[in-house]
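Here is a friendly walk through the model shown below. Have the sequence and the coordinates open side by side as you read.

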Amino acid sequence: MNNALKGLRQITRRDRVFNFMVNADELVPDTSKGEILYVEDLSVSFDGFKAINDLNLYIREGELRCIIGPNGAGKTTLMDIITGKTKPDTGTVYFGQDIDLLQFSEPEIAQIGIGRKFQKPTVFEHHNVFENLELAMAANKRVWHTLTATLTGEQKDRIDDILHQAGLFELKFEQAALLSHGQKQWLEIAMLVMQEPRLLLVDEPVAGMTHQEMDKTAELLHHLAGDHSVVVVEHDMDFVRSIASDVTVLHQGSVLAEGTMEQVQANPEVVEVYLGE
Ligand SMILES: Nc1ncnc2c1ncn2[C@@H]1O[C@H](COP(=O)(O)OP(=O)(O)OP(=O)(O)O)[C@@H](O)[C@H]1O
Ligand SMILES: [Mg+2]
């Protein structure tokens, strides 16, 4: 390529997207290098205590990643920063190569395509399972047009599809209040999926679940990976083992180890600070 053309490419290349340029729900992250999330040199202190300390983390598009680590390691704080709830002192968080998430507010980040599930399920108790998903879909401006506030056949099919994946199809017309704890967790994950996030952050999904429910949750998260990137924070090692995905170990606000469960389990430092407890 001749030099003049190269120069032009550099000038016209859209390296960054600024939040005054476009609506958050129209942004599409550039994942051409394979990564959906880039967290670099991240730090945040609370009253002088470094909850996140020079942390670097990369999530590949479509992967299912588990984040483990002792209490207070910074796992939830990391999710707070990615979702815009907490602003870091230093460092960068990019969604794809181009979207600087630190410029956006919490609701904008949700619109850009990052869905977060908190530990406690929050579903609409007085509505049935199907209506819960319908309401979640209505919250998605990309697919819902208020002028024609009825579901298309295609949208109904999507709801049925996610109901099957979440193991809730037979409970479609059951009132949400009557679901078990595990079923409510799956319903909430399904509601998040209705909003079409590219990245799903799930904090401690299996706390309080039976073993059978844990297996179903692992299956559901595996189903969602691929079409979505999924990051799961979890303490239950049996569950993390059963997911059998790549694992990142956080300790004192930074990454202590990364690899398969077998690799991190064999790491003496990880055993000392966490698994040996
Ligand atoms: N908003 C805040 N203000 C003050 N301190 C905070 C705040 N958020 C987190 N911390 C502190 O930062 C540290 C990291 O907490 P964080 O909740 O991220 O840990 P965690 O890895 O999620 O732990 P757990 O496994 O117990 O959920 C803790 O010492 C916590 O008390
Ligand atoms: Mg936490």
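## Helix α2 and what follows

Let's start with α2, which is mostly covered: seven of its eight residues are buried. A residue is called buried when 20 or more other C-beta atoms lie within 10 Å of its own, with C-beta atoms placed from the backbone. In α2 the buried residues are K75, T77, L78, M79, D80, I81 and I82. After α2 comes G84, with a positive phi near 85°.

A word on the conventions: this is a predicted model, in which local features need pLDDT of at least 70 and side-chain atom pairs count only at pLDDT 80 or more, while totals for chains, interfaces and linings use all residues. Residues are numbered from 1 along each chain as its sequence is written, and chains are lettered from A and ligands numbered from 1 in the order in which they are written.

## The protein overall

The protein has 10 helices and 10 strands; these are DSSP runs numbered from the N terminus (helices H or I, at least four residues; strands E, at least two). Of its 277 residues, 39% count as buried. Among contacts with a separation of 6 or more, 68% join residues 24 or more positions apart; a contact means that two C-beta atoms, placed from the backbone, lie within 7 Å.

## Around ligand 1

Around ligand 1 you will find F46, A51, G69, N71, G72, A73, G74, K75, T76 and T77, each with its C-beta atom, placed from the backbone, within 6 Å of the ligand. Helix α2 (residues 75-82) gives the largest share of this shell, three residues.

## Helices α4 and α5

The axes of α4 (residues 129-138) and α5 (residues 153-165) come within 11 Å and cross at roughly 120°. Axes here are lines fitted to C-alpha atoms over the stretch in contact, and angles run from 0 to 180 degrees between N-to-C directions. The two helices are therefore oblique to each other, a term for angles that are not under 35 degrees (roughly parallel), over 145 (roughly antiparallel) or 65 to 115 (roughly perpendicular). On the α4 side, the contact is made by F130, L133, E134 and M137, and on the α5 side by Q155, I159 and I162.

## V240 in helix α8

V240 sits in helix α8 (residues 237-243). Is V240 buried or exposed? V240 is buried, because 22 other C-beta atoms lie within 10 Å.

Leaving aside residues up to four places away in sequence, V240 touches C66, I68, E234, V247 and M261. V240 and I68 are 172 residues apart in sequence, yet their C-alpha atoms are 8.5 Å apart in space.

Terms used. Buried ≥ 20, exposed ≤ 12 C-beta atoms within 10 Å, placed from the backbone.
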